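Here are my notes on the model you sent over. Have a look at the fold first, then go through the points in order.

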Amino acid sequence: MRGSKTLVLIYAIALLTQISASSLSAEKDPLFPEFIQWHVYVVNGLCNNQNLLATCKSRDDDLGTFNLSPGTNLTWSFRTNFFHSTMFWCSVSKEQDKASASFEVFWYDARLFNKCQWKNCIWVAKDDGIYLTDLDQNQDELRYKWEGA
């Protein structure tokens, strides 16, 4: 009996190792997103030479406040936690008219992962609002309107 338990344990470890290895090389693996190195970008796409003030954080990490000149971006990389509760959000404001927006930039959601192609979530602040770049469709989607504009 003891030998069969050991064999089952060895088989389980081998199977998990194979699954983990294949998920590391897979482009899309909804079962193991914690193995993926995620990148989030917050891009200043504002016109009229406007700066963008951006503050981004998670429950555990405060990334700080950044003054982004036109065409520049704030970016950071991370891996999700095992419990799939990793979430980041940002508050941004335009320098000239003080319009602002607060929004989630990363959360555990397969639809978001597909738009980000399971690697790069790109958020662009434009004159009329905040856009998420859908990399599969190669287009920007308006997700949030400016408040106080």
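1. Let's start with the sheet. Four strands make an open sheet in the order β3-β2-β5-β6, with antiparallel pairing. Strands here are DSSP runs of E, at least two residues long, numbered from the N terminus, and two of them pair if DSSP finds at least two bridges between them. At the edges stand β3 (62-68) and β6 (100-106), each with a single partner strand, so one side of each has no neighbour in the sheet. On average, neighbouring strands are turned by 20° against each other, direction ignored; the axes behind that angle are lines fitted to C-alpha atoms.

2. Before going on, a word on the model. It is predicted, so local features need pLDDT of at least 70 and side-chain atom pairs count only at pLDDT 80 or more, while totals for chains, interfaces and linings use all residues. Residues are numbered from 1 along each chain as its sequence is written, and side-chain values use heavy atoms, with hydrogens and water left out.

3. Now the β5 and β6 pair. Strand β5 (residues 88-94) runs antiparallel to β6 over 6 bridges. Ser-91 stands opposite Ser-102 in β6.

4. How many disulfides does a search of the whole structure find? There are 2, counting a pair of cysteine sulfur atoms within 2.5 Å as a disulfide. With the bonded cysteines numbered in sequence order, the pairing is 1-2, 3-4.

5. Cys-56 sits in strand β2 (residues 52-58) and Cys-90 in strand β5, so the pair ties together parts that are 34 residues apart in sequence. The link is right-handed, with 110° about the S-S bond. Cys-56 and Cys-90 are both buried (under 20% relative accessible area; exposed is over 50%, partly exposed in between, with a 1.4 Å probe and protein chains only).

6. Cys-116 and Cys-121 form a disulfide too, their sulfur atoms 2.1 Å apart. The torsion about its S-S bond is about 115°, so this disulfide is right-handed. Cys-116 counts as buried at 0% relative accessibility, and Cys-121 is buried at 0% as well.

7. Cys-47 is worth a look as well: this residue is partly exposed, with a relative accessible area of 40%.

Key. Axes fitted to C-alpha atoms, helices over the stretch in contact; angles between N-to-C directions.
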